[in-house]
Amino acid sequence: MSPLNIFLSVVWGISAVASIILVLMHSGKGTGVSDMIASSMYNSNAGSGVWEKNLDRLTVISVCVFVATLFIFMLTFPQGTLG
């Protein structure tokens, strides 16, 4: 495996774990982890607080990194090799 594929694998794994954690932190009608952690920091009814906006941005960024590394990994992975 080339150094590029090793680097992409690491970035892909980190972005996958970050995406899972960030999605789970989103509040669903005031019952999410983010509501328990910082319920007084933002308005959970509108979802327009600073914490919620930043959480949305981080989630979108981590998912975009995940998808981008997936596409690059698909193009650069050696075909037909095992191990």
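Visitor: What share of the 83 residues in the protein is buried?

Guide: Good place to start! Buried residues make up 20% of the 83 residues. Keep in mind that this is a predicted model. The accessible surface of the protein comes to about 5900 Å², and 74% of that belongs to carbon and sulfur atoms.

Visitor: How many helices and strands does the protein have?

Guide: There are 3 helices and 0 strands. Along the sequence this reads as α-α-α.

Visitor: Where is confidence lowest, and where is it highest?

Guide: The general idea comes before the case: where pLDDT is low, the predicted coordinates should not be read in detail. Here, helix H2 (residues 33-38) has the lowest confidence, with a mean of 60, while H1 has the highest, at 91. Across the protein the average pLDDT is 79, and 69% of the residues score at least 70.

Visitor: Which residues does the UniProt annotation "transmembrane region" cover?

Guide: According to the unreviewed UniProt entry, that annotation covers residues 6-25 and 58-77. Residues 6-25 are 100% helix and 0% strand, with end C-alpha atoms 29 Å apart. For residues 58-77 the figures are 95% helix and 0% strand, and the end C-alpha atoms lie 28 Å apart.

Visitor: Is Ser 19 buried or exposed, and why?

Guide: The reasoning rests on a cut-off: buried means under 20% relative accessible area. Ser 19 counts as buried because its relative accessibility is 11%. This serine lies in helix H1.

Visitor: Which residues does Ser 19 touch, leaving aside those up to four places away in sequence?

Guide: Ser 19 touches Ser 62 and Val 63. For the wider picture, take the contacts in the protein with a separation of 6 or more: residues 24 or more positions apart account for 65% of them.

Visitor: Now for the outside. Which residues form a nonpolar patch on the surface?

Guide: The patch is formed by Met 1, Ile 6, Val 10, Ile 14 and Phe 77. Together they have about 500 Å² of accessible area.

Visitor: Why does Val 10 count as partly exposed?

Guide: Partly exposed is the class between the buried limit of 20% and the exposed limit of 50%. Val 10 has 46% relative accessibility, so it belongs in that class. Like Ser 19, which lies in helix H1, Val 10 is found in H1 (residues 3-25).

Terms used:
Residues numbered from 1 in each chain as written. Predicted model: local features only at pLDDT ≥ 70, side-chain atom pairs only at ≥ 80, totals over all residues. Heavy atoms only, no water. Patch = residues over 30% accessible without salt bridge, like charges linked within 9 Å, V, L, I, M, F, W, Y side chains within 5 Å. Areas by Shrake-Rupley, 256 points an atom, 1.4 Å probe, with all protein chains shown as cover. Salt bridge = Lys/Arg side-chain N within 4 Å of Asp/Glu carboxyl O. Helix = DSSP H or I, 4+ residues; strand = E, 2+ residues; numbered from the N terminus. Buried < 20%, exposed > 50% of the residue type's maximum accessible area, 1.4 Å probe, protein only. UniProt positions renumbered as here; feature names shortened; annotations may be inferred. pLDDT = per-residue confidence, 0-100. Contact = heavy atoms within 4.5 Å.
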